[in-house]
Amino acid sequence: MQKTPEQINEDLLRPLQGTGNVYRVVLAFFVCVVIVAGYAFGHQIDNGIGVAGIRRPVFWGFYITNFVFWIGLSHAGTLISAILRLCNATWRRPVTRCAEVITVFALSIGAAFPVIHLGRPWVAFWLFPYPSERGIWPNIRSPLLWDFFAINTYLMGSVTFLLLPMIPDFALVRDRAVGFRKKIYSALSLGWSGTPKQWHRLETAMHIMAIAVIPVAVSVHSIVSWDFAMAPVPMWHSTIFAPYFVCGAIFSGIAALIIAMALLRKFLHLEEYLLPIHFENLGKLLLVMSLLWVYFVASERLTAWYGNEPAEMTVFWLTQRGSFSPLFWTMVFCNFILPFPILAIKKLRTITGCVIASIGVVIGMWLERFLIIVPSLSRKYLPYSWATSAYRPTWVEITITAGTFAAMVMLYMLFSKFIPIISVWELKAGQHPVAAEEYARFADGQTRLADELERSEAGAE
Amino acid sequence: MAAPDSIYGLFPGPAAADLGLNALRDAGVAREKIVVMSAEPFEEYEFAHMGSSVAMYRIAACGGIAGGALGFLLARFVQTAYPFPLITGGMPLVAPWPTGIVTYELTMLSAIVTTVITLLITTGLPNWRKGKIYDDEVSSGMVLIGIVDPSVGARADLEDRLRRAGAAKIKGTGRFARGG
Amino acid sequence: MARQWGMVIDLDRCTGCEACVVACHAENNIDTVGEDQAARGRAKHWIRVERYYEGEYPDIKAKFMPVLCQQCAAAPCEPVCPTFASYHTAEGLNGQIYNRCIGTRYCANACPYTVRFFNWFNPVWDEPLNLQFNPDVSIRSVGMMEKCTFCVQRIKAAEIQAEAEKRPLKDGEFAPACVQTCAPKAMVFGDLNDPTSEVARLARSNRATKLLEETGARPQVTYLKRGSWNGAENAENA
Amino acid sequence: MQRRDFLKISAASGAVAALEGCGNPDHKLIQFIPEEDLIPGIATWKPSVCTLCQSACGTQVRVMQGDAEVVRNGQLGLIKMGLAKKIEGNPAHPVSHGKLCPRGHAALQVTYHPDRIKGPMAVTGQRGSGEYQLISWDEALKRLQAQLGPLATAKQKGALLFLTAPLIGQRRTIVEGFAQAFGGSPVEFELFDRSVLEEANLQSFGIAAMPTIDLSHSNYVISFGADFLGTWNSPVAQSVGYGAMRERPGQRGKFVQFETRVSQTGANADEWIACPPGMEGAIALSLAHVILGDKLRPANAAGALGTAIDGWSTGLTEYAPEKTAAQAGISAATITRIAHESASNGPAVVLIGDLATAQTNGLASALAVNALNMLLGSAGKPGGIEFSPTAVAGGATASGRGANGSIRDVVQLINSSVPKALLLYGANPVFATPEAWQVKALLEKVPFIASFGSFVDETSILADLILPDSSPLESWMDGSPEAGTTRMIVNVAPPAMNPIHETRSMPDVLLTIAQQTGGDAAKALPWKSYEDAVKASLAQYQSVKGGSVTATSADDFWSKVQAAGGWWSAEAEPAAIRLGETGTTIRTTTAQFDGDPEQYPFYFLPFPSQMFYDGSLANLPWMQEAPDPMSSAMWGSWVEVNPATAQKLGIAQADLIEVASQHGTVRAPAMISPGIAPNAVAMPIGQGHEHYTRYASGRGANPIAILAPMSTENGALAWGATRVKISKVGVGRLALFGGSFREDEIDREPR
């Protein structure tokens, strides 16, 4: 289906034109949730971290689970779109931006959790390597410092990766907008005019970014996994963790992307841009990741079980058959048993199918992070020091968790309201026919023009 | 400030734009006096290659290396900067792995940052100057082909050539700006 | 040669009376958290006496094992702390700088012995219970990790005293609160780098074992396993 | 307290506490002139005596300058004063050897307790309402005088009842003198009625006192239920001896424990042998049977103690290991082996106490154990049981309980003729007696009740007048430990710090009253002050050779003794034990239990709590939060149930259990403990206070309440002779510190 540039502009800029009441109500709801979460955090600072459910020996709970989960989710965009750019998959064009947006927001949310979970968040800045008057520097041996560097790099990369291709679109909006909005967008467009030089540089830059951002993304989640793998805790101290986490991250990332796309398609009426083929392809990717995930879980569990190290076996059985087994098997269901058939059978790999599978995966991957953190901590070596009362999150942790999901939706809604959620120029570039056809179509136009000129000259005489 | 003098034609498509470009070339307009603007890259077309290329890859690589060195020094420094002797309980004072990780991350970071900076500098962005050569119709699909301050005498000839090449509209800026 | 403070705990002597636990509370200004928090596993006992049953009634036995910070030489809690709040002192202690702690609780997770305790809230003492504060030990506020220090305030006091008197520190001239109060003398404290000290001598006992050595933390607390009646190992415990 | 409030308070007073801690509180209060001059930051160690149990451990108190809010002549203000910071054992003291038990450390919190009575109080509401108002000391003394004055003149016997905790030294002398002068008799009340052992020792050795166990020299220790490393007799001294017994060069002593529930002490046994309650005597005699039968020891070694026991001369045939083993459910071989081991690995010593003597046959069991000790040749020998010079000197009335009678006498006394006045000091019989005795109702009959206690508890809440005693750290301390040493010890300790509240030392109050009354009372108590009384009692020891203090003059002696925390004689061989003349022959009867075994299938075993002792320490937060040694429980009480039993009754950990005897019910969460017999349930004593400060009130359950009014041969409470039934009634809560009961659980797959 071919669309003229005007049609494309028309369709993709529509969301920016005005807002419906439904949009306002929904947005208001999510804003409220975020505000409540903010209150919960304030309550926690006011009274002490003890208002959360974490306890000795389960010193980490929901907060760190969310941290890992959101960082994982952030692997949706930048990584995926970078890969697609590099292997020049044309179907990527409508997908990349909404993917990269997920990255930027999920990453920012994830990065907030290490601060939220601190006993004294007001001194969080001590994590930064800044020259303090006391001559004290942070301890670079701590994986938390590695997180600091990795996440900052990834965030920086993702933000630029998202912003650069937006410049021409800002210019587009600028040309359509009037008054105040025009001022804003002309500022944002950096005075882009679209000379070949600019285009050329932009695309080269994007190519370099794509190359650079992939290893960064991999390193980020490897380092997140090392937060655990570096501590001598049963079932944490494992070499497989880095690839295991990266795989899980991309897995949950793709799922998140599919869900996001489905929602955009529905609510922004992008049926003609986000086509079933896109879901089909992402579905296939998801299937691959699901299989990879099972492979990792299997090899992790198998080595633990075969090693038969007492402390590890305690945690092992706690999750396989013990009090955490319901969660464990739910996770397996959500991450494999549910999505595998849906994605493997072509007939089921529809948009709805993909979305169902993705929802399962998102839930499953959240549980996976929880199951990595909590059981190990509640059964750590000396049996006397095992958890005497099971970890239960309080309303504070639950509210804050809910708040971050609400924040994600809220940010996404606002973004799609101010910036074309599909990269217009990239889409057009994918739309227009190859040069040869264009010349042919243009040939008769040429002759018509020639006649016209002669006639006018004749008339002059 | 006032816009530079220019005459340009708006072509309804890339193919037309190429003809327009050729027409100007035939008129012997110097390459650097020709301006092109489009709403898409149009890599396949000749006019899209009017810009000169820069060794962005190499620049990025250099930036990366520089950042890496910086990262290594930082990592080393924060591990040895202590006013008191730091006892790490049997562990090396400058730990290789963490140093490596920080070095790596900063390499990547500065490669990225360098790229962005290069992009902006070499393309003269940001450039918010009022009244530069530009036409809003570009973003709705028109391709702009024009000449920066042509000689007044050549004006008629150039406009004629552009029209013959198939320009849908002929416009100008500065001295050549026309009402409507 | 720098001192390496260490401890030997003789499981054959320990009676599980828990005098050490209360002595530690008294010495180190450790607050009591109350029933609700205690039920949430938030009670703070820098030293605890672990109790394990063996067998089934009537052939049942129980044993005690006091566990406190093992002051590991390669402590897992130290490298993971992003702010150096948990660090290693020149005399081989795992120091904890309270006001440098930002409360990531990473050290507590990394510690294989689970001997680190967190201030989930600001501590509370109903007045005038606060009059019992030991002025030599600082009060920890909310969000800080705390742990056994081998009563570093006593170590410092003794060292300063010895310095003032221009004499070397005598073995056993002072002891942490737990060691001081142990009636059956199950705990011995001293400098492991001084081969003549009692603690060094006992650490060489053939009953000597270390706790969770497989984690590679190189703990500085040695446990002497329980002897058996007329057991061969009795002879050397002079 | 609600968790929210807890948080609020913690935020607020945490900050205040911090400030107070550094000693620069921002106060509007007036600043008093310091009463003593101390160098800030410099600690001084002052000697004192621990009075939380009868061991009378010598302690030292770390005193440092601090700012305290105090009341001086009715005016609240701030003062720089010496504050006790920590209590440790006095290294020179022959009982404590510089060590302490957990309770000894917590004694500090008695002084600083937030709910301590801050001054004299008179009841305003009706009696028992707990509504009091502070009054001046003059007023308080006037009222007390008004009540007691007439009694002194009337000289009516039993007009005054003076109910106290067991006392020692001049404190007791003054109380006794006072009580007699006002026509009454002091009754010393304590829950774990030691009168059984004292009676046994009186019959066996002519000394009504607790024995001193010389563990440090014994090679073989057999204990029948005695928690001698936790709460029984003189635990600190015994723990020190135990340590020495364990690691003697080349020779490690063996320790065998017979009991029904693995106690903290039993947990340390090399051989722990389960035996049903009440069988201890039979087993002891069974051991004797083997020793006699196999001629391991000369038959006449036990002398009169043996012959006094029925069937001894004929070799105790009815106590053949097989028979006893059958009844006790242990193997005969074990009994025989232990008999042989103990006889051939002397010195061997046999102990009995706690639940073993709290049976209807407790006295007989104790006598059997005495005989066994004699037979093993360990009575009065190193490594055996001995008696302190104090005990020997005291003879028949060493601890005097023989003379003064027990709570039982109170019950009879009040029933016969209601006294005019009741004085309370440290005793809490309303809490620590079975409800079946109706003690509360009886005490309420007394028209006037005055208490000298520092806290409002179940008994002192009945008081019309409260004249709070200064804490042990704030007043003079003296007295000789009855057991735990073979040396003559006289503890003497001046106040370690000034009172922080408007309190007065109880003996001084008594002396004041006596002087005001004049007449015989004044004569009976000739001293101007408690200090004088202590000084007077000490003079005799200056001349004794080889004492711990050598002095040139009386004053020199006096000051040196104060500095040392007391006077004690030189190390001496234990006094040779002379046998008592007991005409009666002793039969070990089978123990009786209240409750039909069908209907009440479980033995009920209340046990002294390591932290709360008899419940008198439940008000101290340190004790509440310190984990119980065996269960690791904090801040509450629990019912120990055997896993098998629990499975049978469908009881899970922390389920709320109702324990019912014929005399009442209590409720507590279940503790599935491998250390308790399947046919028994155990509960710690000490919780379940109705009124006992913010920390103990309404917490846990009190097992004493449901005990049956059973008694030992000598009329003491047999607190181990009740049967109960249990049923699950809901879900409770346990605050445990320890995760797993077992080490090998680490390998187990979850069930």
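Gly9(B) stands opposite Ile170(B) in strand S4 of chain B. This pairing belongs to a predicted model, in which local features need pLDDT of at least 70, side-chain atom pairs count only at pLDDT 80 or more, and totals for chains, interfaces and linings use all residues. Residues are numbered from 1 along each chain as its sequence is written, while chains are lettered from A and ligands numbered from 1 in the order in which they are written. Helices (H or I, at least four residues) and strands (E, at least two) are DSSP runs, numbered from the N terminus.

**Strand S1 of chain B**

- S1(B) and S4(B), the latter covering residues 169-173, pair in the antiparallel sense over 5 bridges; two strands count as paired if DSSP finds at least two bridges between them.
- S1(B) also pairs in the antiparallel sense with strand S3 (residues 143-148) of chain B, over 6 bridges.
- Within S3(B), Gly146(B) is the bridge partner of Tyr8(B).
- Strands of a sheet pair through backbone hydrogen bonds, either parallel or antiparallel.
- S1(B), residues 6-11, is largely enclosed by the rest of the structure, because 6 of its 6 residues are buried. A residue is buried if 20 or more other C-beta atoms lie within 10 Å of its own, exposed if 12 or fewer, and partly exposed in between, with C-beta atoms placed from the backbone.
- Ser6(B), Tyr8(B) and Leu10(B) point one way from S1(B), whereas Ile7(B), Gly9(B) and Phe11(B) point the other way, and all are buried.

**Contacts between chains**

- Of the 5 pairs of chains in contact, chains C and D share the most contacts; two residues are in contact if their C-beta atoms, placed from the backbone, lie within 7 Å.
- The contact between these chains takes 67 residues from chain C and 78 residues from chain D.
- On the side of chain C that touches chain D, two or more residues come from each of helix H1 (19-28), helix H2 (34-39), strand S2 (48-54), strand S3 (61-67) and helix H5 (177-181) of chain C. H1(C) gives the most, with 7 residues.
- By class, this side of chain C divides into 34 nonpolar, 17 polar and 16 charged residues. Ala, Val, Leu, Ile, Met, Phe, Trp, Tyr, Cys and Pro count as nonpolar, Asp, Glu, Lys and Arg as charged, and the others, Gly among them, as polar.
- Chain B places 58 residues in contact with 58 residues of chain A.
- Helix H1 (14-26), strand S2 (34-37), helix H2 (56-80) and helix H3 (96-122) of chain B each supply at least two residues of the side that touches chain A. H3(B) gives the most to that side, with 14 residues.
- The side of chain B that touches chain A has 37 nonpolar, 14 polar and 7 charged residues.
- Chain B and chain D do not touch, and their nearest C-alpha atoms are 28 Å apart.

**Helix packing in chain A**

- Two packed helices are described by the angle between their axes and the distance between the axes. Axes are lines fitted to C-alpha atoms, for helices over the stretch in contact, and angles run from 0 to 180 degrees between N-to-C directions.
- Helix H3 (residues 62-73) and helix H15 (residues 351-378) of chain A pack at about 135 degrees, with their axes 9 Å apart. H3(A) is therefore oblique to H15(A); angles under 35 degrees count as roughly parallel, over 145 as roughly antiparallel, 65 to 115 as roughly perpendicular and the rest as oblique.
- The crossing of H3(A) and H15(A) is right-handed. A crossing is left-handed if the near helix is turned anticlockwise from the far one by less than a right angle, and right-handed if clockwise.
- The residues in the contact of H3(A) with H15(A) include Val68(A) and Phe69(A) of H3(A) and Trp366(A) and Arg369(A) of H15(A). By class, this contact has 7 nonpolar, 2 polar and 1 charged residues.
- The axes of helix H2 (residues 21-47) and helix H16 (residues 395-418) of chain A come within 8 Å and cross at roughly 140 degrees. H2(A) passes H16(A) in a left-handed crossing.
- The contact of H2(A) with H16(A) has 17 nonpolar, 4 polar and no charged residues.

**Sheet of chain D**

- Chain D holds an open sheet of 4 strands in the order S1-S4-S3-S2, with mixed pairing. The edge strands, S1 (30-31) and S2 (44-49) of chain D, each pair on one side only.
- Strand S3 (residues 58-72) and strand S4 (residues 75-89) of chain D pair in the antiparallel sense over 14 bridges. Gly82(D) in S4(D) is the bridge partner of Gln65(D).
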